[in-house]
Amino acid sequence: LLSRTITAGIAQFTEAAQAIGEGDYRRKILFYPAAEFQPLAEAINRMAKKIKKNVKVIENQRGELWAMFEGMTEGVMVLDTTGRVLHVNPALSNIFPRADEFIGRAPLEVTMSLEIQNIVDRLMAGEVSERVKRIIELKDGHSAEMTVVPFRDHKFRPRVILVFHDTSEQKRVE
């Protein structure tokens, strides 16, 4: 009888831990087979509550960052760990028409610039580890200030973000 009670309690702990691991943070351990299990049950319940709170914070921050990304006047191109286009914001299409159609492709295909592709390749290979700034000449006499920023993702793999600021009007006025 005691063994069955403890086994049932452990099964409930296991189910709760699995549910929390799968994102069900509302799951609570209400029953435990013996007083010795109470601290563990309370710790798991507190953990679920903290994880739920942290996930909400992360989701809010993600939403804020996405809104900033979408609302920027500078064109932004985010590359994945293989150097392919992962995301572009709407402003990039003002500089490179139809940029959003090149998701999963090389930056060369979006920009038609071998110089940009070479910079990206060097950053991805680790030959350069600092941000790179260049003024690049675009089609139709337009120009842009480009900043290429390398960073590492959560698994320490190389990633790159390219930011383009259209300087054509400023250059024309000068």
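Biologist: Which residue in E5 is the bridge partner of Gly75?

Modeller: The partner of Gly75 in E5 is Phe164. Bear in mind that this is a predicted model. Gly75 belongs to strand E1, which covers residues 75-79. The pairing of E1 with strand E5 (residues 158-166) is antiparallel and consists of 5 bridges.

Next, the side chains. In a regular strand they alternate between the two faces of the sheet. Gly75, Met77 and Leu79 point one way from E1, while Val76 and Val78 point the other way. Buried here means under 20% relative accessible area. Because 5 of the 5 residues of E1 are buried, the strand is largely enclosed by the rest of the structure.

E1 also takes part in a pocket. The largest pocket holds about 490 Å³ of space. Its lining has 13 residues, and those closest to the centre are Leu65, Trp66, Phe69, Val78 and His87. At least two lining residues come from each of helix H2 (38-71), E1 and E5. H2 provides the largest share, 5 residues. By type, the lining has 10 nonpolar, 1 polar and 2 charged residues.

Key
Residues are numbered from 1 along each chain as its sequence is written. This is a predicted model: local features need pLDDT of at least 70, side-chain atom pairs count only at pLDDT 80 or more; totals for chains, interfaces and linings use all residues. Side-chain values use heavy atoms; hydrogens and water are left out. Buried means under 20% relative accessible area, exposed over 50%, partly exposed in between (1.4 Å probe, protein chains only). Helices (H or I, at least four residues) and strands (E, at least two) are DSSP runs, numbered from the N terminus. Two strands pair if DSSP finds at least two bridges between them. On a 1 Å grid over the protein atoms alone, a cavity is a set of points where a 1.4 Å probe fits but cannot get out, and a pocket is an open set with protein on both sides within 12 Å along at least five of seven lines; lining residues have an atom within 4 Å of a point. Grid points are joined across faces, edges and corners, and a volume is the space filled by probe spheres set on the points. Ala, Val, Leu, Ile, Met, Phe, Trp, Tyr, Cys and Pro count as nonpolar, Asp, Glu, Lys and Arg as charged, and the others, Gly among them, as polar.
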